[in-house]
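User: I would like to learn how to read this structure feature by feature. Please give the general idea each time, then the case at hand.

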Amino acid sequence: MRARAVFGCIAGLALAACVEIADPGPSFVAFLVTPVFDANVVFADDADRLKLTIEREDTPGEFTQLLQVFVNIDPVTGEADTTLTVPLLQNPTWFRVRLEAIRSSDGAVLFSGIDTVNVSAGTTGEGTPVQIPVTYTGPTAASVVLAPSDTAVEEGSTFTFRASAFDQSGAPSSASIRYLLVRPADSVILRVNRLTGQAAAGATAQGEVRVYATVPDGAAADTSRVLVGAVPVGAAMSPGYANVGVGGSTSFTGAVVDALGNPLGIYPVQWMSRSPAVASVGATGTVTGVAPGTAVIFLSAPDFSGDPAFTDSALVVVPAAGGVVVSTTANQRAFVTGAVGDTIVVDVTADMTFTAGELLGSYNAVLNWDPAVLSFVDVQTGDFPTPELNTNNVGSGELRFAQANANGTGGAVVIARVRLVAQAAGSSSAAVTISEMSAAQTFTNLINQVTVANGTVTIQ
């Protein structure tokens with residue numbers, strides 16, 4: 001007798017199978033085997049090899065394996081074809097058919113199903129369809145990380161998502177991953193290849209799209225937000241503050257950004273120093289210290305729509321030799337803009353980098369701000385021992401704090417991290433006054449070597 005099995009891919013989603021069994025005489029028997037996938041049918045494409053097992057019931061309730069074959073799936077057509085021969089000993093005969101879809105790269109059985117079929121010698125034609133439930137049995141994952149997590153792209157651009165799956169211990173998992181749109185209708189804005197993660201924005205599309213990466217059992221997924229047709233909203237430079245010695249240099253970066261803060265590289269930027277005799281800046285954002293003092297480094301970029309240029313700025317301090325720079329930065333910037341309700345973190349920093357090896361041993365300081373704009377929350381420990389506080393006047397915008405450390409600390413030392421909350425629109429400086437500062441070990445009085453640089457907070 002003869003058996004023929006054909007496995008194909010239906011619309012790239014499901015596997016189909018056809019098995020025909022016939023005896024040597026004129027009678028022809030046939031049946032069609034159709035796998036019925038569970039909700040994980042979109043993961044069927046990962047299988048590149050099929051395993052077909054046929055068993056026959058020789059005695060009631062007992063099946064004997066007759067054949068077991070492996071069939072490669074054509075990577076182009078998604079089909080597999082093989083011819084099998086099995087004996088039909090009696091009419092009718094029960095056969096048990098087992099299907100397994102395998103990923104050859106690691107031998108994982110991704111899908112499996114089994115069913116029992118009653119074959120009669122009088123059957124003609126293609127036969128009655130036999131549905132075999134096929135379930136996902138491959139690797140799973142506890143978490144998925146999708147990158148980029150949030151991004152913005154121009155119309156007509158292409159990029160590729162990358163996702164990684166991990167098990168409960170945090171080790172990489174070989175679970176299959178698919179990339180899908182949260183709302184399928186968003187495909188007019190962004191098309192995403194569910195197998196590779198390659199994404200293409202529409203030539204004239206604009207809007208927000210959410211993409212998610214998931215594993216077969218749905219137990220782990222991650223989502224990314226994509227802004228298509230990104231609109232520039234401003235300029236941003238980093239860092240927002242720097243100290244540099246005479247003759248030394250440091251580098252800034254800057255770009256026009258979208259609403260997510262992502263850089264839009266198509267917009268050229270220009271650099272300028274408002275005090276080039278103190279600190280100069282090159283075309284690529286490299287700042288060089290020229291003479292002691294302070295300078296504002298200014299970044300600007302044209303808005304080709306005709307609106308005013310986008311700008312951002314940072315403060316640079318060039319200390320004299322042996323100097324200590326005491327600065328206040330808000331959210332790590334000399335000039336920061338926030339909204340009512342934002343938490344503003346003011347770092348009071350003593351930079352000992354330029355003191356020829358001296359370490360900070362002690363200080364006594366006062367921080368002032370506008371209480372109509374900012375409200376005191378607390379003080380957190382920085383790089384120096386937790387300061388001793390006098391908070392009697394924080395309601396009026398004054399915090400007194402001091403500390404000593406016999407061992408000393410070098411480099412840029414955050415002596416206090418003060419948290420404030422923006423409670424009204426307006427502008428406030430974060431002004432620090434130093435009344436005492438000494439070096440550890442050498443006990444050098446540093447007060448005459450201190451340069452103070454105060455940051456500004458603007459609440460809109």
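User: What conventions apply here?

Analyst: The model is predicted; local features need pLDDT of at least 70, side-chain atom pairs count only at pLDDT 80 or more, and totals for chains, interfaces and linings use all residues. Residues are numbered from 1 along each chain as its sequence is written, and side-chain values use heavy atoms, with hydrogens and water left out.

User: What is the mean pLDDT of the protein chain?

Analyst: pLDDT is the predictor's confidence in each residue, from 0 to 100. The mean for the protein chain is 86, and 86% of its residues reach 70 or more.

User: Which elements have the lowest and the highest mean pLDDT?

Analyst: Strand β1 (residues 2-10) has the lowest, 33, and strand β25 (residues 286-289) the highest, 98. Over residues 1-29 pLDDT stays under 50, although the model has 107 contacts beyond four places in sequence for them; a contact means heavy atoms within 4.5 Å. Where pLDDT is low, the predicted coordinates should not be read in detail.

User: How many helices and strands are there in the protein chain?

Analyst: Helices (H or I, at least four residues) and strands (E, at least two) are DSSP runs, numbered from the N terminus. The protein chain has zero helices and 38 strands. Among its contacts between residues at least 6 apart in sequence, 63% join residues at least 24 apart.

User: In what order do the six strands of the open sheet come?

Analyst: Two strands pair if DSSP finds at least two bridges between them. The order is β29-β38-β36-β31-β34-β33, with mixed pairing. β29 (335-338) and β33 (388-390) are at the edges with a single partner strand each, so one side of each has no neighbour in the sheet. From one strand to the next the twist averages 20°, where axes are lines fitted to C-alpha atoms and angles run from 0 to 180 degrees between N-to-C directions.

User: Which strands are joined to β18 by bridges?

Analyst: Strand β11 (residues 150-153) runs parallel to β18 (residues 221-228), with four bridges. Strand β17 (residues 207-214) runs antiparallel to β18, with eight bridges. R225 in β18 stands opposite D150 and also opposite R210. β17 and β18 form a hairpin with six residues between them, and G218 in the turn has a positive phi of about 70°.

User: What share of the residues counts as buried?

Analyst: Buried means under 20% relative accessible area, exposed over 50%, partly exposed in between (1.4 Å probe, protein chains only). Of the 460 residues of the protein chain, 45% are buried.

User: How many aromatic pairs does a search of the whole structure find?

Analyst: Rings of Phe, Tyr and Trp (its six-membered ring) pair if their centres lie within 6.5 Å; planes under 30 degrees apart count as stacked, over 60 as edge-to-face and the rest as tilted. The search finds five pairs. F111 and Y136 are edge-to-face, 5.5 Å centre to centre with 80° between the planes. This pair links distant parts of the chain, with F111 in strand β8 (residues 108-119) and Y136 in strand β9 (residues 128-136), 25 residues apart. Both F111 and Y136 are buried. F159 and F161 are also edge-to-face, at 5.0 Å and 65°. F159 is buried because its relative accessible area is 16%, and F161 because its value is 0%. Y363, F384 and F401 form one aromatic cluster.
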